[in-house]
Amino acid sequence: MEVFLDDDSCRGHGVCAALCPSVFVIADAGYAETVRSDIPAALEAAVAEAAQGCPERAIHLKEKNHAN
């Protein structure tokens, strides 16, 4: 899974950072940033919860294509 944060939509509520601090942080400017975009399986549930909990719907998830 990959995660993308829409910087224009984020309003810095901090829900994502509270739910998944391994992936999201609140930067000095007061808005969320991702510290990693490639999400390991162990964090997928927490990242999905953060995306669902974002009041601005600024977090977007994408399943990775696994080419053989």
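The count comes to one cavity of 30 Å³ or more, a cavity being a set of points on a 1 Å grid over the protein atoms alone where a 1.4 Å probe fits but cannot get out. This is a predicted model, in which local features need pLDDT of at least 70 and side-chain atom pairs count only at pLDDT 80 or more, while totals for chains, interfaces and linings use all residues. Residues are numbered from 1 along each chain as its sequence is written, and side-chain values use heavy atoms, with hydrogens and water left out.

**Cavity**
- The largest cavity has a volume of about 90 Å³, taken as the space filled by probe spheres set on the points, which are joined across faces, edges and corners.
- Its lining comprises 13 residues, with Cys 10, His 13, Gly 14, Cys 16 and Cys 54 nearest the centre, where lining residues have an atom within 4 Å of a point.

**Salt bridge**
- The structure holds one salt bridge, meaning a side-chain nitrogen of Lys or Arg within 4 Å of a carboxyl oxygen of Asp or Glu.
- This salt bridge joins the side chains of Asp 38 and Lys 64, at 2.9 Å from N to O.

Methods. On a 1 Å grid over the protein atoms alone, a cavity is a set of points where a 1.4 Å probe fits but cannot get out, and a pocket is an open set with protein on both sides within 12 Å along at least five of seven lines; lining residues have an atom within 4 Å of a point.
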